[in-house]
Amino acid sequence: MYLLAMDELSDFTQTEATYGGITKVVYRKGTGPGVVVMTEMPGITPEVATFGRKVVDAGFTVAMPSLFGVDGKPVTNSYVAASILRGCISKEFHAFAMGEASPITGWLRRLATDLHAECGGPGVGAIGMCFTGGFALAMMVNEVVVAPVLSQPSLPLPVGKKRKAALGISAGDLQIVRERVAAGCPVLGLQFTEDPATGTRFDTLRNELGDGFIAIEIDSSEGNPHGFKKSAHSVVTAEVVEEPDHPTFQAVSQVLDFFRDRLL
């Protein structure tokens, strides 16, 4: 389900953050411990903004950086295709590279540091979706990130068996993540079971992180009871049905509970 109207994001405060000479717009809203909400492709759509508001309503300060796309613009197929193309050629993202995180994750770590300094609490949460889905894992190198959520992580793009399994993080950073998970910082992941974009990286996460990886997987196999297509992709935004018994509604609730457990 897609919203058709432009979201003006007028209820958010528009700020700017500069790290390493890179300046980006950040939309802020809420009170309480901080959560970095990283947009999925094609950008901060009305659905992404709506999810951000749910995080605010759950008792958190949301910082939602504009990483690509036109802020507030609704989804169309052509808009998605154009944003993916720009993301693939951008120096800020490593769409195909394995064994290294996208450069933008360094900027996001510094945003998390400032957000924690401002909002307090035990740390900050971070959720990435789609193109940014694995960024919360790379952000765990920063110890202030204590509630990482990976929703349909899609980088590196799943071209070939190795990329389908890769996590988009360096070996050194992965070791730090393992150590943090072993010390009691769990990682939450969400995906549709047949989503081609996530490849087999949930298997990799289970192998690398063991019981510290909490997987929420929604059945999208043929004949599934909720009628999801095998191509179903966006767990906490586009396919969410506002019914308490619906699996995507429950998935959003589990994300919010994860933030509460870790941050409040």
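This is a predicted model: local features need pLDDT of at least 70, side-chain atom pairs count only at pLDDT 80 or more; totals for chains, interfaces and linings use all residues.

Reader: OK, and how many of the residues of β6 are buried?

Author: Strand β6, which spans residues 145-151, is mostly covered, since 7 of its 7 residues are buried.

Reader: What about β6 and β7, how many bridges join them?

Author: There are 3 bridges between β6 and strand β7 (residues 187-192), and these two strands run parallel; Ser151, for instance, has Leu190 of β7 as its bridge partner. Going on from there, β7 is joined to β8 by 6 bridges, again in a parallel arrangement, and Gly189 stands opposite Ala215 in β8.

Reader: In what order do the strands of the whole sheet come?

Author: The sheet is open and made of 8 strands in the order β1-β2-β4-β3-β5-β6-β7-β8, with mixed pairing. Its edge strands are β1 (13-19) and β8 (213-218), each of which pairs on one side only. On average, and with direction ignored, neighbouring strands of this sheet are turned by 20 degrees against each other.

Reader: Which strands does α8 lie across?

Author: Helix α8 lies across β3 (34-37), β5, β6, β7 and β8, and the angle at which α8 runs to β6 is about 165 degrees.

Reader: And how do α1 and α8 cross?

Author: The axes of helix α1 (residues 46-57) and helix α8 (residues 247-263) come within 10 Å and cross at roughly 45 degrees, and because of that angle α1 counts as oblique to α8. The crossing of these two helices is right-handed.

Reader: Which residues make that contact?

Author: From α1 the contact is made by Phe51, Lys54 and Val55, and from α8 by Val252, Val255, Leu256 and Phe259. Sorted by class, the contact of α1 with α8 has 6 nonpolar residues, no polar ones and 1 charged residue.

Reader: Changing topic, I clicked on Leu111. Is that one buried or exposed?

Author: Leu111, which lies in helix α3 (residues 104-119), is buried, because its relative accessible area is 7%, and the cut-off for buried is under 20%.

Reader: What does Leu111 touch?

Author: Leaving aside residues up to four places away in sequence, Leu111 touches Tyr19, Val26, Val36 and Pro65. Val36 is 75 residues from Leu111 in sequence, yet their C-alpha atoms are 8.2 Å apart in space.

Definitions and conventions. Residues are numbered from 1 along each chain as its sequence is written. Side-chain values use heavy atoms; hydrogens and water are left out. Axes are lines fitted to C-alpha atoms, for helices over the stretch in contact, and angles run from 0 to 180 degrees between N-to-C directions. Helices (H or I, at least four residues) and strands (E, at least two) are DSSP runs, numbered from the N terminus. Angles under 35 degrees count as roughly parallel, over 145 as roughly antiparallel, 65 to 115 as roughly perpendicular and the rest as oblique. A crossing is left-handed if the near helix is turned anticlockwise from the far one by less than a right angle, and right-handed if clockwise. Contact means heavy atoms within 4.5 Å. Ala, Val, Leu, Ile, Met, Phe, Trp, Tyr, Cys and Pro count as nonpolar, Asp, Glu, Lys and Arg as charged, and the others, Gly among them, as polar. Buried means under 20% relative accessible area, exposed over 50%, partly exposed in between (1.4 Å probe, protein chains only). Two strands pair if DSSP finds at least two bridges between them.
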